[in-house]
Amino acid sequence: MSALLRIEDLHVSYGSIAALKGISLSIEPNELVAIIGPNGAGKSTLLRTVAGLSAPLRGSVLLRGASISGRAPERLVAEGVSLVPEGRHIFGSLTVEENMRLGATTRRDGRAAVAADVERMLDHFPILRQRFRQRAGQLSGGEQQMLAIARALMAAPKLLLLDEPSLGLAPLVVSAVYETIGRLRKDGLTLLVVEQNIELALRMADRTYVLDTGRIAASGRSSELNSMANLHQAYFGTAP
Amino acid sequence: MNLLQTAIDAMNLGAIYALAALGVGLIFSVMRLINFAHGELIAAVGFTVYALDGQSVWIRVGCGLLAGVALALIMERAAFRPLRGANPATLLVTSFAVSYLLQHLIVLIFGARPIGVSLMPELSDSIALGDLRLPKLEIATIAATLTLLGALVLFFRRLPLGIQMRAASEDFTMARLVGIKANKVIATAFALSGALAAFLGFYEVAQSGTISYRMGVDLVLVAFVAAVVGGMGSLSGAALGGLLVGVTSVALQTFLPAPWRPYRDAFLFGLFIVFLIGRPQGLIARKAHRERV
């Protein structure tokens, strides 16, 4: 097995509240894996822990076989794990250009390579070219989501973690975002996506994990999970 | 003519308060820490200048600057880094503890009584222009402040580290998620605030000719008010708030009826209380501060 990311028996708590109670999963290179589940299931906590923002109580997170549990987020970026958090968190008072260049903070392959990547991103996301010198805070929600993804890609990640990329966006913009995600995947990126929109998640992802109250309630190829019975079972614990 | 004189006095005090507010605001913007021990950085610089009495002015100023920066970095490493991510109240109380500790360390070594020190006495003259009297120290202060502010603007706009600091002050967690090193950004903020404190230390010594263990305390209180008036967490807000507090203070001193003048500070802070009731976010509002993790 040559999993890019492997998580074993992961437990994470906030104070006395257990958010994750023994999660195990793995992601192969170039897979697109979705995580779905009701609010409070621990989906964001899972991504935050992989990105280094929360420390596991128990269990391990392995990137290409090497443990990365408890490592600071700034180090993990350098090792190829980038998180686009829920709510996008672009730097609103900085320009689009500054936001994109900040994405390349950990890169050591020189100015020319970074400049070439900025160009590549602007080709990918033409709207950002028009807004290049504007403050990022002036962008629309969809544009900010594009910028957040472009910024994460500037780090040249191997594993991209996306937390609710469609949240709060108009349907048309959501399809644009997912078109981008599909293209990234074709380019060889590995993605772990938390998505509220079950239908969308199952359509996009190779495999899907269903999280419920900190445990994996169901998992499998998205096509297999795509029967209401299974999902109903996962969400409500009973077949309809 | 008198008005021009007042304007220059106002600029001078505004410049000092702006630098003080920036020193406090810088730390707050990246760490959500209100560092009351900033005043002791100023005092440490004053006492360094005093200890090197007899040396050339460049050595005294150079070592003073070094002392301010070094003490700020030590403070960060020893007192505040272990508390990174603690709630703001804990950080605030710690900064009081550091402040008292340093004050009493100074008392232990140098005593509690004010000590006369002379630094750059040539700046205490004035240049007479007609009936306008321009104290050289005020001119030098305004010029140095403008230079410092210009350098800071260049740093924050042009240099990668400056841009990283702006990003960190806006959203510290996200800054870490793009790979900005938390320690580097916070240490830089402390080093800069130490350098700003050094400048204030030189000014205090040159202006008053005395040093004491409490020499930075009042200035930091005003700086804190100025930073809040400017909009806590915004650097341009801090500079603007400092300028506003300084200018208002001099204006009150000049235009209040004579019997009221002893109560100038009551009017000054009263005005800003009214201002903050109307505009609690300060001059330059920032987005709601996000939880730091």
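How many bridges join β6(A) to strand β7 of chain A, and do these strands run parallel or antiparallel? View 2 gives the answer.

All views show a predicted model, in which local features need pLDDT of at least 70, side-chain atom pairs count only at pLDDT 80 or more, and totals for chains, interfaces and linings use all residues. Residues are numbered from 1 along each chain as its sequence is written, with chains lettered from A and ligands numbered from 1 in the order in which they are written.

**View 1. Strand β4 of chain A with its partners β1(A) and β5(A).** Helices (H or I, at least four residues) and strands (E, at least two) are DSSP runs, numbered from the N terminus; two strands pair if DSSP finds at least two bridges between them. β1(A), residues 5-14, and β4(A), residues 58-63, are antiparallel and share 5 bridges. A:L5 has A:L63 of β4(A) as its bridge partner. A:L63 is in turn bridged to A:A66 in β5(A). β5(A) covers residues 66-67 and runs antiparallel to β4(A), with 2 bridges. The hairpin of β4(A) and β5(A) has 2 residues between the strands, and A:R64 there takes a positive phi near 50°.

View 2. β6(A) and β7(A), residues 159-163, run parallel and are joined by 4 bridges. Within these strands, A:V81 is opposite A:L159. Contact here is between residues whose C-beta atoms, placed from the backbone, lie within 7 Å.

**View 3. Helices α3 and α8 of chain B.** The axes of α3(B), residues 57-80, and α8(B), residues 182-208, come within 7 Å and cross at roughly 140°. Axes are lines fitted to C-alpha atoms, for helices over the stretch in contact, and angles run from 0 to 180 degrees between N-to-C directions. The two helices are therefore oblique to each other (under 35 degrees counts as roughly parallel, over 145 as roughly antiparallel, 65 to 115 as roughly perpendicular and the rest as oblique). Residues that meet include B:G64, B:G68 and B:E76 from α3(B), and B:F190, B:G194 and B:F202 from α8(B). By class, this contact has 15 nonpolar, 5 polar and 1 charged residues (Ala, Val, Leu, Ile, Met, Phe, Trp, Tyr, Cys and Pro count as nonpolar, Asp, Glu, Lys and Arg as charged, and the others, Gly among them, as polar).

Note on methods
Two residues are in contact if their C-beta atoms, placed from the backbone, lie within 7 Å.
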